[in-house]
Amino acid sequence: MSNQGKNEKLERMRHSASHVMAEAVQSLFPEVKFGIGPIIEGGFYYDFDLPRSLIPEDLHIIEARMAEIIASDFPFLREEVEKEEARCIFAYQPYKLELIDEIPDERVIVYRQGSFTDLCKGPHVSSTSEIKSFKLMSIAGAYWRGDERCPMLQRIYGVAFETQEELEQHLERFAAAAKRDHRKLGRELDLFSFHEEAGPGLVHWHPKGATVRRIIEDFWIEEHLKRGYEIIYTPHIAKIDLWKTSGHWELYREHLYSPMDVEGQEYLIKPMNCPGHILIYKTRLRSYRELPMRWAELGTVYRYERSGVLHGLTRVRGFTQDDAHIFCRPDQLEDEVVGVLEFALFMMRTFGFEEYEVLLSTRPEKYAGTIETWDAATETLERALKRLDLPYRVDPGEGVFYGPKIDIGLKDALGRAWQGPTIQVDFNLPERFDVSYVGMDGVEHPVVMVHRTVLGSMERFFGCLIEHYAGAFPVWLSPVQAVVIPIADRHLDYALKVAAELKAEGLRAQADTRPERMGLKIREAQLQKTPYMLIVGDKEVGNATVSVRLRSGEDLAGQAIEAFKAMAREAMEKKAP
RNA sequence: GCCCGAGUGGCGCAAUGGUAGCGCAACCGACUUGUAAUCGGUAGGGUAGCGGUUCGAAUCCGCUCUCGGGCUCCA
């Protein structure tokens, strides 16, 4: 069977599984009101309005009931009915009635199996017995229609596969993903922490995490300088009037922290870096000849996020954007966007991301600027994407109010998507701040402003990196690259000498001088995912070598210290894993 | 913010109304060792916080905080 055919079959089965789940829930709660029950990646869900909260044990009961329904081999029956008839069928199902009212056709389709009838386009499998291996995963709250003003329903998530093996594989992948969860690894590898005393969503970078971050930042700065960027710094707070001018006070209020009083003046902690960059731009007249100007800042911003959305390093309240603003002429926009895209993709490849998804978001309902400028900028973005032959998807109406944008989503080693670089054109700020340049004609023209990141934020990107590498950072990023492990006390001096020599070479190396056994030291270095473990005993001291053990478990046997240094240096330079 | 669940020494867990316990880590001591845990000993919490029910609360109830799974939103 073709891949597509297989997928369709699987999707039909999952969709049917959600109907069977609904039937099972109905048999347990006859007064249930049904929401919707679609398929999602890997599985399905169904939303229910129930008289009481579900508890995890309910899932087992529902699963058992589902198994009975499946064993009963009920056929799925498709039927087209008049809307009026459908309204009778679903007379006690308010959510379904709402859906019926929104269907433009005069006739609607219903599917029946066993004692259950649902408003549904299908398709379905022909009988419940075709539903093979399934498992209910979790219960969650979900607003009807995803709107927080609507009632909250109870959602049950499930997965279904053709075979028990595939189901088990899926559950194993799930467990594997949990193992590389950056929140867990962050603690185990001593990278970062959060504190109840300090507040949620505020990251504390430990020495090892900070080391990785510093290496990323140093690399980031170097690559920016190569590409004609200049590095700037701007303050963390500014008077409220600046944020009123920028529009943040009006349009971004929900993410702002309350003003603080400074000698009778109100100040805000910055949620974005742009106004500061604009102030620098405006310190003097800028000529068309100076453009483009590319100013980058590792700018730390603070945004209020609702408590329920915080998540590890990927959604926090204080974070450092690898921000930059490009001020250019309209005729330079395309080249600038191409440059940023190439830069972003270069960064992704460097950090080991081979797969990504490019998304172009267009004008939303509420927007600043004119339709003409929007269209022109959107076309420019598209031309840039086409010039690079980058496949992309258009996300209509999903742009920010101030301009169209390109987002790049990364796929990590497990194929999961992460939000990465973003490029946004801004028509709003140049106008609000009157940001311009003097053209060839001697008159002032509005500047085109581009916001962009090539990593996203240090926090989110770090979280993504941790999971991508499962904590085993490539040598160039490893906080500790080599641990020298002496076998007995008499090898301590040599171990310290080797470590010192490696440090002098710029390698992050340390000797494990604790009075412990070699096996324990290897185990701990291994659990810390240290790339190189250098064992030194009588043999090594005798011929000035180190025995190299890799974290893969591979034993590279004795090497001269110089040879090891060369090997480590090469891995660093190549940024190899 | 909303729905559901959870919070027990640094970490992982046990104790389900009747004297808070185990493993790892920590500390002390012995062992001097060839590729993932040497052995022995010592100390450490009154159960996230506050309030309540009870003769008695880690366990039951209420509020707050934090975390987790979702919804909504996002770098």
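Colleague: In which strand is Ala-417 placed?
Modeller: Ala-417 belongs to strand E20, residues 417-426. Strands are DSSP runs of E with at least two residues, helices are runs of H or I with at least four, and both are numbered from the N terminus. The model is predicted: local features need pLDDT of at least 70, side-chain atom pairs count only at pLDDT 80 or more, and totals for chains, interfaces and linings use all residues. Residues are numbered from 1 along each chain as its sequence is written, and chains are lettered from A and ligands numbered from 1 in the order in which they are written.

Colleague: Why does Ala-417 count as partly exposed?
Modeller: A residue is buried with 20 or more other C-beta atoms within 10 Å of its own, exposed with 12 or fewer, and partly exposed in between; the C-beta atoms are placed from the backbone. Ala-417 has 13 C-beta neighbours inside 10 Å, so it counts as partly exposed.

Colleague: What is Ala-417 in contact with, leaving aside its neighbours within four places in sequence?
Modeller: Ala-417 is in contact with Glu-357, Gly-409 and Lys-411. Contact requires that the two C-beta atoms, placed from the backbone, lie within 7 Å.

Colleague: What makes Gly-369 partly exposed?
Modeller: Gly-369 has 19 other C-beta atoms within 10 Å, and therefore counts as partly exposed. Gly-369 sits in the loop between strand E17 (355-361) and helix H12 (371-387). Not counting residues up to four places away in sequence, Gly-369 touches Trp-374, Phe-427 and Asn-428.

Colleague: What makes the peptide bond joining Leu-291 and Pro-292 cis?
Modeller: Omega of that bond is about 0°. Most peptide bonds are trans. Pro-292 is in the loop between helix H10 (274-281) and E15.

Colleague: What span is expected of helix H7, and what does H7 reach?
Modeller: The expected span is 1.5 Å times one less than the number of residues. H7 (residues 207-226) has 20 residues and reaches 28 Å from its first C-alpha to its last, close to the 28 Å expected.

Colleague: Which residues of H7 are buried?
Modeller: They are Gly-209, Val-212, Arg-213, Ile-216, Trp-220 and His-224. They cover an arc of only 105° around the axis, which puts them on the same side of H7. The arc is taken from the directions of the C-beta atoms as seen from the helix axis. On the other side of H7, exposed residues are Pro-207, Arg-214, Asp-218, Glu-222, Leu-225 and Lys-226. The buried residues pack against several elements, among them strand E10 (199-205), strand E16 (318-328) and helix H14 (458-468).

Colleague: Which members of the largest nonpolar core touch the most other members?
Modeller: Of its 65 residues, Ala-344 and Val-435 do. Helix H11 (residues 333-350) gives the largest share of this core, eight residues. A nonpolar core is a set of buried Ala, Val, Leu, Ile, Met, Phe, Trp, Tyr and Cys residues joined through C-beta atoms within 7 Å. Another core, of 36 residues, lies apart from it and includes Met-21 and Tyr-111.

Colleague: How many residues surround RNA strand B?
Modeller: There are 59, and the closest are Ala-140, Gly-141, Gly-146, Gly-308 and Gly-537. A residue is near the strand if its C-beta atom, placed from the backbone, lies within 6 Å of it. Helix H16 (residues 518-527) provides the largest share of this surface, seven residues.
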